[in-house]
Amino acid sequence: MSITIHGETYNSRPLQLSLIVGILLIAALLRITRLSSLPPGLSNEEIAAIQVAETVRVGRIASLYNVGDPSGGHEGLYPVVEAITTGLIGDGLFAYRILSVWCGLVSIALMYALTRRLFGNFAAFAAAITLTVSLWSVLLSRATIRETLLLPLMLAFLLILSKAIHLTRTISPDTPTTFLYALVGILIAALVYTHWSGIVAVPIFLLYLAYLVVMRQPISRRVLGFSGFAILMAVILGIPYLAVSLRSPSLSGIYVFWANRPRGITGFLGSALETLGSIVLIGDRAVTHNLPGSPLLGPLGGLLLLIGLVVALQHWRAPNMMFVLLVLVVGLFPDAWSRTNTNFGTMTVALPAIVVLVGFGASLVMDRIRHVPDLLRDSRTMAFATGIALICAALTGFILFGIWANHASIDRAYHGQLGRLATYLDHTKDTLTTSICTFNMGRADANNISDPALLDLMMHHENQMLRFSDCLNGFVLTGGGGLQRIAYSDPGAAKSLSPVFQPWLGHAVSINESPLVPHSVVEVNVEQQLADTLGMVTLAPVTWPPDNAGSTENAVLPVRMGGYLTFEGYTLNEPRLYKPGDTVSLVTYWRADGDQIPDLRIFAHLLRNPNTEPVLQNDTLSLDSSLLRARDIFIQVINIPLPPDFPAGEYYISVGAYSHDTGERLPVYDNDQLRGDRLFLNTVTVQP
């Protein structure tokens, strides 16, 4: 754009380009810095999104996915894009978040283009700056959730729609083009396939068309026909979504919208007021979306929004004003309609209108302050705005890295302990094994994901040197007890360590390296201690199963079971005289001589006679057997509670191992001779 002042011609385009590039660089800095370590891990919302993306990667593509969310299903477009991205880049926290960074930066560029089209250059820069430094926008660019794709799609829809109907500050009656209206239809479908709140694109489109007709705006006569084409395009692309919604209504966005409806008119008014107040007063209470207690916009942004909103309402008949007001009202409706607390994620569809009004308000203020030629506005005023942007970016960085990152709820919301451990292990290049104590070793499903599976998601490369046990009843000492790490996936796990296992950590050394919390990872070397212990437990009395004549024969420990498992020995809590209601506690020691079956279980049976069925038993394994390797020693505590009415007498104890999936027991060998499928230990006596 060339501007003539006092007879001289100036080109402001290079300056504008330089400023928007500078804003994008500031935005990139806020979004990429510590991307793989902040947030420290993954939230439940992100885990659900990643699980769906992993489902897509194995070839299961659908319009809607059931991820165990009681409030509805999970739309399929974001997981497809995430699966493509991670398929090219890899796994891990950084790889999962890089798509969000791209979406965030594209959103700023689209915000600039949209606002510039509607309200001019300065408003565009102010809007771009607002989106750059808004905490929710920054967090959205670091989150692996659907809304991160929803924002650029919503902005693209509004920008293309404004171009399709030839909307700038006024409406032009130029002839519509098929390509732009086809894009409008595609973007409407894409929004619906990304998040249920994206359906607001339909009423925005239809209501604005109605406004153009009712207000007799100078539009081409062919606009309505082309608009029908756009809607038809959206319906055709949305047929799979509609089909799934009809077949499984509880998964659809319409169900979510209806299920979360407010309780009566009073509830709706209260929710609407809370939604409006969240912009400038209270905000989203979830730490994954916000610094709890903070509004969407700061004081300056709130003031500029109010100015822009008041002026837009005063001039509501103007097509650009009505366009933004309509997007604001319709975009805020999904959150205002909800009975739950304010959710910035649901408000994402209204964010473009909010930010545009902030930019418009800033432009109005600058118009009142400075009456200068356009070129000076492009230079001095823009330089001033850039300075404001740097100050706001520094403040946002302080809030993000200094306050939000240290909030008390962050660790719980993002599984922070596991996230820090994943970051540490990713940057640790030694060959030490790490035995991780975790209380969550269950199999991953739609409602829960185990710590081993979650740690695997967070890490950028596969680590073969990990072991998992609960450290309550199971414990792993790798490589014959040599130098190794013991880590805790839960901050309170170290204090909950079983007394049986505490002696192994008597001389542990804490690893105080970033980003670890002190004492969350320790190093131990118990090779000699383990050798001494195994030397003692191998002296415990053991007998082979009785032969056909009923006679028994003493066995010599250790004893091989199956192909790659050895029973080293055991200890039994003393005295061996029990009362009904007591617990028989058996501590067993095992050695892995190679890879184990992934569904390994250890059993302990209490029997009145070696040839009878057990009267009590406990089948368990408190560790992940699939990760065990040769020379690993694992300790399994097996507790057998005696009922209060348990009959008195002498009881045999037998132990063995089996496959949980098939029920097949591992054979017991005396050297190479098969000796049944169990061993008999000391007897115990029960007396009233």
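Trainee: Where is the place of R631?
Mentor: R631 lies in the loop between β16 and β17 (633-641). Helices (H or I, at least four residues) and strands (E, at least two) are DSSP runs, numbered from the N terminus. The model is predicted: local features need pLDDT of at least 70, side-chain atom pairs count only at pLDDT 80 or more, and totals for chains, interfaces and linings use all residues. Residues are numbered from 1 along each chain as its sequence is written, and side-chain values use heavy atoms, with hydrogens and water left out.

Trainee: What does R631 count as: buried, exposed or partly exposed?
Mentor: Buried means under 20% relative accessible area, exposed over 50%, and partly exposed in between (1.4 Å probe, protein chains only). R631 has 48% relative accessibility, so it counts as partly exposed.

Trainee: What is phi of R631?
Mentor: It is near 80°, a positive value in a residue other than glycine. Most residues other than glycine have a negative phi, and most peptide bonds are trans. H415 is also not a glycine and has a positive phi of about 50°. H415 is in the loop between α18 (410-414) and α19 (416-427); its relative accessible area is 25%, so H415 is partly exposed.

Trainee: Which peptide bonds are cis, and how do you know?
Mentor: The bond from L38 to P39 is cis, with omega near 0°, and the one joining L557 and P558 is cis with omega about 0°. P39 is in the loop between α1 (13-32) and α2 (44-57). P558 is in the loop between α21 (527-537) and β11 (559-561).

Trainee: What does D619 touch, not counting residues up to four places away in sequence?
Mentor: D619, in strand β16 (residues 616-620), touches I602, F603, A604, H605 and Y658. Contact means heavy atoms within 4.5 Å. The C-alpha atoms of D619 and A604 are separated by 6.4 Å, with the two residues 15 apart along the chain.

Trainee: How do you know that the span of helix α4 agrees with its 27 residues?
Mentor: The expected span of a helix is 1.5 Å times one less than its number of residues. For α4 (residues 93-119) that gives 39 Å, and the end C-alpha atoms are 39 Å apart, which agrees. Of its 27 residues, 19 are buried, so α4 is largely enclosed by the rest of the structure. Just after α4, G120 takes a positive phi of about 105°.

Trainee: What makes a nonpolar core, and which residues touch the most other members of the largest?
Mentor: A nonpolar core is a set of buried Ala, Val, Leu, Ile, Met, Phe, Trp, Tyr and Cys residues joined through side-chain atoms within 4.5 Å. In the largest, of 112 residues, M154, F157, V184, Y208, L296, I354 and W404 touch the most other members. Helix α7 (residues 147-164) gives the most to this core, with 13 residues.
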